[in-house]
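Please walk through the model shown here, with attention to a few side chains and what surrounds them.

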Amino acid sequence: MPGLFNDIIDHMIGAFTFDLGRYLIAAGALSFILWAFGKWSAARRIQSRKAGFADYKREFLSSMRTVLVFGLTTISTVLLEASGWITVMTGEISWPLFIVQLLAMIVAHDAYFYWMHRWLHTKTMFRFSHLHHHKSRTPTPWAAYSFSSFEAMAEAAFVPIYLFIISVLFGGMYPFAIFLFLAHMIVRNVMGHAGVELFPAGWTRNKYVGWITTTTHHDLHHSQGNSNFGLYFTWWDRMMGTEHPDYEARFNAVAKPIHLSVGTTANICIAAFSLLAVATTTNLI
């Protein structure tokens, strides 16, 4: 028991540090980019309304609560691993298996999120929990973790549930695959809440990438509230008839070809190297 207690304490410290770090880096990096290239981002702004100081304050403070709830909820991972129900694969990585594990977890999370999201939009659950997130009618990157405590718990529950199922059926997962999944999740999350269309013109019409959600896709969910429930992909919305009918038209209205001058490219490179240095010194990569 003392060893398990120490594992839980270590998990809480690590989870808090990791979740807080990835939130601050991802949301901060995107906010910096949108500010640094203000003329470009202004031309691609999806809504005419802009978030105010009260919106930023609410999103940030509730995100701090979410980080704490994430850590508490995922204690279940430690307990399941200690009891032998969750297995973390060690040793040399089989890269084909690693890629399958990573992609499968992303696809599974997209399905989990869609149906959980639909549930949170039922009348009772919306008032009880999801209304807090929708206070960000004009979202910012800082809204990525702006959940009620219950929604934060529901969001975090995916990882221990998925790892339990995979461990029972297939013998576990590589920890690096889990890490990359979590990194992908926060990056896509802040992009979806950017308020500025980050994807290039023609994206939604491209047969190779058009099924990947854009910023406009999730922004329409915040401004309209009754469509576009998907997270990473448009698959479930299209299959279930919940995609906004004007999605492509609204995307085309704000998405423009990306033309980068030499000066802009240099600024992007400087920003990228600065963020890499921050991430490295905080041991997040």
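Leaving aside its neighbours within four places in sequence, which residues is Thr 66 in contact with? They are Tyr 145, Phe 147 and Ala 152, where contact means heavy atoms within 4.5 Å. This is a predicted model, in which local features need pLDDT of at least 70 and side-chain atom pairs count only at pLDDT 80 or more, while totals for chains, interfaces and linings use all residues. Residues are numbered from 1 along each chain as its sequence is written, and side-chain values use heavy atoms, with hydrogens and water left out.

Thr 66 belongs to helix α3, residues 53-73. Helices are DSSP runs of H or I with at least four residues, strands are runs of E with at least two, and both are numbered from the N terminus. Thr 66 has 1% relative accessibility and therefore counts as buried. The cut-offs, for a 1.4 Å probe and protein chains only, are under 20% relative accessible area for buried and over 50% for exposed, with partly exposed in between.

Phe 147 is also one of the residues touched by His 132. His 132 sits in the loop between α6 (123-130) and α7 (149-156). With residues up to four places away in sequence not counted, His 132 touches Arg 58, Ser 62, Arg 65, Ser 146, Phe 147 and Ser 148. Its relative accessible area is 15%, so His 132 is classed as buried.

Next come the charged pairs. A search of the whole structure finds 4 salt bridges, a salt bridge being a side-chain nitrogen of Lys or Arg within 4 Å of a carboxyl oxygen of Asp or Glu. One of them joins the side chains of Asp 19 and Arg 22, at 2.8 Å from N to O. These two residues are 3 apart in helix α1 (residues 2-36), so about one helical turn separates them. Asp 19 and Arg 22 are both buried.

Arg 49 and Asp 55 form another salt bridge, at 3.3 Å from N to O.

Arg 238, at 43% relative accessibility, counts as partly exposed, and so does Glu 243, at 22%. Elsewhere, salt bridges that share partners join Arg 49, Asp 55 and Arg 58 into one network. Arg 58 is also among the residues touched by His 132.

With 25% relative accessibility, His 184 counts as partly exposed. When residues up to four places away in sequence are not counted, His 184 touches Ile 106 and Tyr 232. His 184 and Tyr 232 are 48 residues apart in sequence, and their C-alpha atoms are 9.9 Å apart in space.

Trp 85, Ile 161, Phe 164, Ile 165, Val 168, Leu 169 and Phe 170 make a nonpolar surface patch of about 720 Å². Patches are made of residues with over 30% relative accessible area and no salt bridge; like charges are joined within 9 Å, and nonpolar side chains (Val, Leu, Ile, Met, Phe, Trp, Tyr) within 5 Å. Accessible areas come from the Shrake-Rupley method with a 1.4 Å probe, and for residues only the protein chains shown count as cover. Phe 170 lies in helix α8, residues 158-170, and its 63% relative accessibility is why Phe 170 counts as exposed.
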